[in-house]
Amino acid sequence: MVVNPSAHRPRVAFQGEHGAFSEEAAIKLLGPDIELVPRPTFASLFRSLDEGLADYALAPVENSLIGIIRPSFDLFEKSSLVSIGEVVMPIGQHLIACPGGSFAEIEVVQSHPAALAQCARFFIENPQLQKIEAEDTAGSVATIIAHGDRKLAAIAGRRAAELYGGTILKENIQDRRDNQTRFLLLSGSAERSPLLNTAESKRNTNHDR
């Protein structure tokens, strides 16, 4: 593993594009003083440390609606990385379309398989909608906005909609409002990172004010 000790900010890899839930989770756990490194797939995420692209990786491993997130958890079990911290994030899945779009126009909805699975009831209630699996939630929003096709929509978080200029047509379409995902902060060493100590100290200071 190649670590970059001279970097001003620790590099944290996450799966997906900017605006993904994993990116939000990294900021929640570690604060904003990190360099976020988007990786297109879970396989590339787990290679990030060995390839010298990141100092840490943040991986989703379990969701309260669908259970273990297998593609990520299985890679974690096979890897030499160790968990040095974790964070649980509330997950609100929103139906996001191109600006000016309407629900009546939507024919195809794309997102990460885990996000689609968390919204099973929504698709049962709307059988006219075709589901397409994609690599991640935020990337799906970026894709539909780039295409500009009002028949396309994506499922992702509010952060992705704001970042790429999408319009939220329906909020919180996940099967339960108390949807949560657990993320692990992974390192090549079991030694606790000063990064966590600093983040916890800042949270405690803000809480005491």
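Helix H3 spans residues 70–78 and contains both arginine 70 and aspartate 74, which lie 4 residues apart, about one turn of the helix. In this predicted model, the two residues form a salt bridge whose closest N and O atoms are 3.0 Å apart. Both ends of the pair are partly exposed: arginine 70 has a relative accessibility of 45%, and aspartate 74 one of 28%.

The structure holds 11 salt bridges. Among them is the contact between glutamate 51 and arginine 47, with a closest N to O separation of 3.0 Å. Glutamate 51 is partly exposed at 42% relative accessible area, and arginine 47 is likewise partly exposed at 42%. These two residues belong to a network of salt bridges that also includes Arg39. Another salt bridge joins the side chains of lysine 151 and aspartate 149 at 3.4 Å, N to O; lysine 151 is partly exposed at 37%, as is aspartate 149 at 26%.

Attention now turns to the sheet. Five strands form an open sheet with mixed pairing, in the order S8-S7-S9-S6-S10. Strands S8 (130–133) and S10 (167–170) each have a single partner strand and stand at the edges, so one side of each lacks a neighbour in the sheet. On average, neighbouring strands are turned by 35 degrees against each other, direction ignored. Strand S6 (residues 94–97) runs antiparallel to S10 and is joined to it by 3 bridges; leucine 95 stands opposite lysine 170 in S10. Helix H6 (residues 137–147) packs on this sheet, touching S6, S7 and S9, and its direction makes about 160 degrees with that of S9.

Regarding confidence, the mean pLDDT of the protein is 91, with 87% of residues reaching 70 or more. Over residues 1–7, however, the pLDDT is below 50.

Terms used:
Residues are numbered from 1 along each chain as its sequence is written. This is a predicted model: local features need pLDDT of at least 70, side-chain atom pairs count only at pLDDT 80 or more; totals for chains, interfaces and linings use all residues. Side-chain values use heavy atoms; hydrogens and water are left out. Two strands pair if DSSP finds at least two bridges between them. Helices (H or I, at least four residues) and strands (E, at least two) are DSSP runs, numbered from the N terminus. Axes are lines fitted to C-alpha atoms, for helices over the stretch in contact, and angles run from 0 to 180 degrees between N-to-C directions. Contact means heavy atoms within 4.5 Å. pLDDT is the predictor's confidence in each residue, from 0 to 100. A salt bridge is a side-chain nitrogen of Lys or Arg within 4 Å of a carboxyl oxygen of Asp or Glu. Buried means under 20% relative accessible area, exposed over 50%, partly exposed in between (1.4 Å probe, protein chains only).
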